Amino acid sequence: MSAPRTTAGPLVETPEQTALRRAVADLAARYGQAYFQDKARAGEPVTELWAEAGKLGYLGVNLPAEYGGGGAGITELSIVLEELGAGGCPLLMMVVSPAICGTVIARFGTEEQRRQWLPGLADGSRKMAFGITEPDAGSNSHRIGTVARRDGEDWLLSGRKVFISGIDQADAVLFVGRTEDARTGKLRPSLFVVPRDTPGFEYRAIPMELVAPEKQYQVFLDDVRLPAEALVGDEDAGLLQLFAGLNPERIMTAAFSIGVARRALATAVDYARTRTVWDVPIGAHQGIAHPLAQCTIEVELARLMMQKAAHLYDAGDDLAAGEAANMAKYAAGEAACRAVDQAVQTLGGNGLTQEYGLAALLTATRVGRVAPVSREMILNYVAQHTLGLPRSY
Ligand SMILES: Cc1cc2nc3c(=O)[nH]c(=O)nc-3n(C[C@H](O)[C@H](O)[C@H](O)COP(=O)(O)OP(=O)(O)OC[C@H]3O[C@@H](n4cnc5c(N)ncnc54)[C@H](O)[C@@H]3O)c2cc1C
């Protein structure tokens with residue numbers, strides 16, 4: 001008889017992953033939801049939490065060890081974000097700084113860019129925002145109108161962006177623009193690191209109904225002069241670079257949604273166990289218990305898909321990870337919206353108080369349905385790529 005196989009896969013976490021999950025849950029519990037939401041309402045970043053998570057190695061767990069990271073993968077980074085969310089501290093900037101920007105620079109940056117950025121992104125002392133969305137392009141990234149022109153050795157970058165998270169907290173923004181192909185004259189995607197204080201780069205906060213420590217910004221880039229080395233990697237790899245960042249972005253958005261959903265369900269279950277308005281706790285009524293059980297199953301299924309996507313990504317299968325990451329982001333966004341809605345309902349009037357912190361999660365979970373790619377665009381993707389149906393737009 002052969003020995004039982006002990007392969008760690010998406011279904012079975014390694015002891016290190018379980019230990020990481022517990023340690024991050026402890027950190028989140030020390031700060032807690034009240035700290036997080038109070039900071040958000042005051043319009044302040046969660047500086048202490050970010051710094052401590054960075055110092056403990058959680059923020060850069062996915063980045064290469066030779067540049068100060070943990071040398072693990074998106075699987076581990078998603079564990080960190082999920083547990084922070086479950087503890088009431090969902091750090092949206094983790095989706096952007098270590099997951100998108102860190103991945104793109106680690107995989108495609110020049111040696112100089114890696115040395116300049118990765119250690120700081122890993123220990124949390126530096127942050128990078130990510131800007132692709134444009135007011136006139138929206139979901140249609142083929143319409144991106146931000147263009148970089150050559151001016152001697154330099155680049156001149158001009159365009160408009162919208163809904164860019166956390167610029168005020170970031171040292172630089174990784175912008176997606178276009179450059180002209182010297183041979184064909186066609187515009188193709190390229191990525192530029194733009195320090196926040198570069199002349200010609202302006203940003204304005206968009207008033208949002210979100211209780212989050214990150215603000216969203218409108219961006220104006222007017223002939224922003226950048227040195228040649230602001231271009232990430234080389235001009236030919238722009239599309240590849242962009243795709244390299246998209247899978248971690250979707251997986252991490254799923255982790256964000258799942259963490260928030262777990263938090264909401266835990267609050268609701270606690271409440272349902274004790275709140276008594278007839279003779280038994282409200283949790284004894286199936287009208288309260290069954291929807292919570294359903295939501296728990298949906299969140300667990302979404303998490304399974306997220307783990308599959310992260311596992312495929314970390315195994316280097318970008319193509320298969322793409323489909324799984326889209327499905328996971330969709331499933332987690334839907335499950336989280338239903339879970340938070342049901343949690344609010346479970347608490348009755350208390351569901352809408354600041355004390356229980358649930359109402360703020362209503363808008364937080366809506367983000368997972370819209371960004372970074374809307375649920376309709378994921379359905380378009382699955383219809384076309386998974387099912388082979390004609391493209392509808
Ligand atoms: C809180 C928050 C943070 C964000 N952070 C960032 C960030 O840091 N960086 C960044 O670059 N962007 C960011 N975004 C932007 C986000 O990625 C976009 O909002 C998202 O991609 C949708 O684009 P849009 O808002 O322009 O919607 P639109 O593209 O205008 O879409 C509007 C609606 O039409 C639907 N729709 C559009 N086309 C189709 C179609 N072909 N078929 C069916 N339905 C369609 C969409 O699904 C959506 O429901 C953020 C957004 C939010 C809300």
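What follows is a short chat about a predicted model and the parts that surround its ligand.

Q: What domains is the protein divided into?
A: There are three: domain 1 (15-127), domain 2 (130-235) and domain 3 (239-386). This is a predicted model.

Q: What does UniProt list for residues 14-124?
A: The unreviewed entry has "domain: Acyl-CoA dehydrogenase/oxidase N-terminal" there. Residues 14-124 are 70% helix and 0% strand, and the end C-alpha atoms of that span lie 25 Å apart.

Q: And for residues 129-210?
A: UniProt gives "domain: Acyl-CoA oxidase/dehydrogenase middle", again from an unreviewed entry. Over residues 129-210 the chain has 52% strand and 0% helix, with 18 Å between the end C-alpha atoms.

Q: Which annotation covers residues 238-385?
A: That one is "domain: Acyl-CoA dehydrogenase/oxidase C-terminal", from an unreviewed UniProt entry. The span 238-385 is 80% helix and 0% strand, and its end C-alpha atoms are 22 Å apart.

Q: OK, ligand. How many residues surround it, and which are the closest?
A: The count is 22, and the closest are Gly138, Ser139, Ser374, Glu376 and Tyr393.

Q: Polar or nonpolar, that shell around the ligand?
A: Both kinds are present: 13 residues are nonpolar, eight are polar and one is charged.

Q: Which helices and strands each supply at least two residues of the shell?
A: Strands β1 (128-131) and β3 (154-165) do, and so do helices α9 (359-370) and α10 (375-386).

Q: Where does the ligand shell lie relative to the domains, and why?
A: The shell lies between domain 2 (130-235) and domain 3 (239-386), because both of them give residues to it.

Q: How far apart are the centres of domain 2 and domain 3?
A: Taken over C-alpha atoms, the centres are 30 Å apart.

Q: How many residues are in contact there?
A: Eleven from domain 2 and eight from domain 3. On the domain 2 side, strand β5 (residues 187-195) gives the largest share, three residues. That side of domain 2 divides into seven nonpolar, two polar and two charged residues.

Q: What does β5 pair with?
A: Strand β4 (residues 172-180), antiparallel, through nine bridges. Within that pairing, Arg178 stands opposite Pro189 in β5. β4 and β5 make a hairpin with six residues between the strands, and Gly185 in that hairpin has a positive phi near 80 degrees.

Q: Back to β3. What joins it to β2?
A: Five bridges, with β2 (residues 147-151) and β3 running antiparallel.

Q: Which residue has a positive phi although it is not a glycine?
A: Phe163, at about 60 degrees. Phe163 sits in strand β3, and β3 is one of the elements that supply at least two residues of the ligand shell. For context, most residues other than glycine have a negative phi, and most peptide bonds are trans.

Q: Speaking of peptide bonds, which one is cis?
A: The bond from Ala371 to Pro372, with omega near -10 degrees.

Q: Where does Pro372 lie?
A: In the loop between α9 and α10. Both α9 and α10 contribute at least two residues to the shell around the ligand.

Q: How many residues does α10 have, and what span does it reach?
A: It has twelve residues and covers 15 Å from its first C-alpha to its last, close to the 16 Å expected at 1.5 Å a residue.

Q: What comes just after α10?
A: Gly388, with a positive phi of about 70 degrees.

Conventions. Residues are numbered from 1 along each chain as its sequence is written. This is a predicted model: local features need pLDDT of at least 70, side-chain atom pairs count only at pLDDT 80 or more; totals for chains, interfaces and linings use all residues. A residue is near a molecule or strand if its C-beta atom, placed from the backbone, lies within 6 Å of it. Helices (H or I, at least four residues) and strands (E, at least two) are DSSP runs, numbered from the N terminus. Ala, Val, Leu, Ile, Met, Phe, Trp, Tyr, Cys and Pro count as nonpolar, Asp, Glu, Lys and Arg as charged, and the others, Gly among them, as polar. Domain bounds come from an automatic or database domain assignment. UniProt positions are given in the numbering used here, feature names are shortened, and annotations may be inferred rather than shown by experiment. The expected span of a helix is 1.5 Å times one less than its number of residues. Two strands pair if DSSP finds at least two bridges between them. Two residues are in contact if their C-beta atoms, placed from the backbone, lie within 7 Å.
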